[in-house]
Amino acid sequence: MDYEWSPDLLINVEEIDNQHKELFQRIGSLRAAIRNGQGRGGLLKTIDFLEEYVNVHFSAEEALMQRYNYPGLLSQQTEHSGFLKDFEDFKEKLRELENEGEFSSFLAIEIERRLGAWLVNHVGTLDKQLGVFLADKR
């Protein structure tokens, strides 16, 4: 299944919505790199960039929550931390395989699927709740 951004995922906060769209595009880039057989270097470069962007996004989102005293901040931070831990674990496995000369595109595909599924679920539930909260506050 492809995990794509859709207007249903808008939370009506322009900065965050734009970042969500970018995250979906980056996951799409990862998917394309896998399907095009871009090789280890291309995949790892895409994964590194995606990780950097995710950190920027989570920081911006959490700063917004703090600014408006969002009551769900702790659960969001917990979700974000869990995502980053899983992402780091995947990255480590990929690097280990690369160092052993046994790079597996199956692991890269699993990363892409899990990232996409997590993002759709997270944005579609927790971030939507944040959007409703912020609409009331603004």
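1. A residue is called buried under 20% relative accessible area, exposed over 50%, and partly exposed in between (1.4 Å probe, protein chains only). At 64% relative accessibility, Asn69 is thus classed as exposed. Asn69 lies in the loop between α2 (39-67) and α3 (73-99), and its phi is near 50°, a positive value in a residue other than glycine.

2. The model is predicted: local features need pLDDT of at least 70, side-chain atom pairs count only at pLDDT 80 or more, and totals for chains, interfaces and linings use all residues. Residues are numbered from 1 along each chain as its sequence is written, and side-chain values use heavy atoms, with hydrogens and water left out.

3. Helix α1 covers residues 14-35, 22 residues in total; helices here are DSSP runs (H or I, at least four residues) numbered from the N terminus. From first C-alpha to last, α1 reaches 31 Å, close to the 32 Å expected at 1.5 Å a residue, where the expected span is 1.5 Å times one less than the number of residues.

4. In the segment before α1, Asn12 has a positive phi of about 65° although it is not a glycine; Asn12 is exposed, with a relative accessible area of 65%. Just after α1, Gly37 adopts a positive phi of about 60°.

5. Glu88, Glu92, Glu96 and Glu100 form a negative surface patch (residues with over 30% relative accessible area and no salt bridge, like charges being joined within 9 Å; a salt bridge is a side-chain nitrogen of Lys or Arg within 4 Å of a carboxyl oxygen of Asp or Glu). Of these, Glu88 is placed in helix α3 and is partly exposed, at 35% relative accessible area.

Definitions and conventions
Helices (H or I, at least four residues) and strands (E, at least two) are DSSP runs, numbered from the N terminus. Patches are made of residues with over 30% relative accessible area and no salt bridge: like charges are joined within 9 Å, nonpolar side chains (Val, Leu, Ile, Met, Phe, Trp, Tyr) within 5 Å. Accessible areas come from the Shrake-Rupley method with a 1.4 Å probe; for residues, only the protein chains shown count as cover. Lys and Arg count as positive and Asp and Glu as negative; His and the chain ends are not counted. The place of a charge is taken as NZ of Lys, CZ of Arg, CG of Asp or CD of Glu.
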